[in-house]
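Here is a short report on one model.

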Amino acid sequence: MTTARASASPNPVGPAAPAGSGGTQGAQGRSRGAGTKGVPRARREEQIVAAALEEFGRHGHAAASMAAIARRVGVTKPMLYTYFGSKDGLYEACLEHIGPRLLAAINAAMASSPSDDRLPHAVLTAVFETLEEQRHAWFVLYDRTLPPDSEPWRAAHRHREAIDEVAASGTAALLHGQGNDDALDADALKHVWTGTVSALVGWWVSHPDLSAQDMSARCARLLAAIRGDG
């Protein structure tokens, strides 16, 4: 989905594509030895990525603090560089964590949706469920602060492009079911859809008491009102 983050969203985010051979590959290629303070390395990396997803999602790549991430996990800042090589490497690890999960969830929702008119709710539910414990992660994918043509920018763009392709097929199918095969209409609707998802996730971030199930139920009511269901 190619979208700018909703203005109401408390996170600095918007669009960006494929990661090159930068930090992500370096992080994946490093050995999985012992961690710190008795924590296995794989588990410590999971903790760091979880903390980084929130930090990057809240503040964007440009303003995110490696020191804040380290404090949240209870490790030293040099340890982050030991594990991920650089701030960009940690950012790319975050993208590799959330991008494939969102794409798989959206694909599964589209495959199991009973009808095109119920597809939007099925996809929204999948997004909320995937982000339940890390709702800021959406804005790591859609981060407007990424330096253009940087490795993180290319990585984010690659993941967004994959999600965009799925969104494009969904919006085209929805319009086709109503007898509309205009390609520009489908493209415009794709942008409206992605912006709507970003706005809803941003609203959800500002209402932390609401669960994914709560958001799914709320969106079902809103979509029913839009469709004019009795």
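## Cysteines

Buried means under 20% relative accessible area, exposed over 50%, and partly exposed in between (1.4 Å probe, protein chains only). Cys-219 is buried at 3% relative accessibility. Cys-94 is buried too, with a relative accessible area of 0%. The structure holds 0 disulfides, a disulfide being a pair of cysteine sulfur atoms within 2.5 Å.

## Basis of the model

This is a predicted model, where local features need pLDDT of at least 70, side-chain atom pairs count only at pLDDT 80 or more, and totals for chains, interfaces and linings use all residues. Residues are numbered from 1 along each chain as its sequence is written, and side-chain values use heavy atoms, leaving out hydrogens and water.

## Helix H4

Helices (H or I, at least four residues) are DSSP runs, numbered from the N terminus. H4 spans residues 77-84. Met-79, Leu-80, Tyr-83 and Phe-84 are its buried residues. They line one face of the helix, because they fall within an arc of 110° seen down the axis of H4. The arc is that of the directions from the helix axis to the C-beta atoms.

## Helices H9 and H10

H9 (residues 183-205) packs on H10 (residues 212-227) at an angle of about 130°, with the axes 12 Å apart. That makes H9 oblique to H10. Angles under 35 degrees count as roughly parallel, over 145 as roughly antiparallel, 65 to 115 as roughly perpendicular, and the rest as oblique. Axes are lines fitted to C-alpha atoms, for helices over the stretch in contact, and angles run from 0 to 180 degrees between N-to-C directions.

From H9, Leu-200, Trp-203 and Trp-204 meet Ala-212, Met-215, Arg-218 and Cys-219 of H10. Contact means heavy atoms within 4.5 Å.

How values were computed:
Helices (H or I, at least four residues) and strands (E, at least two) are DSSP runs, numbered from the N terminus.
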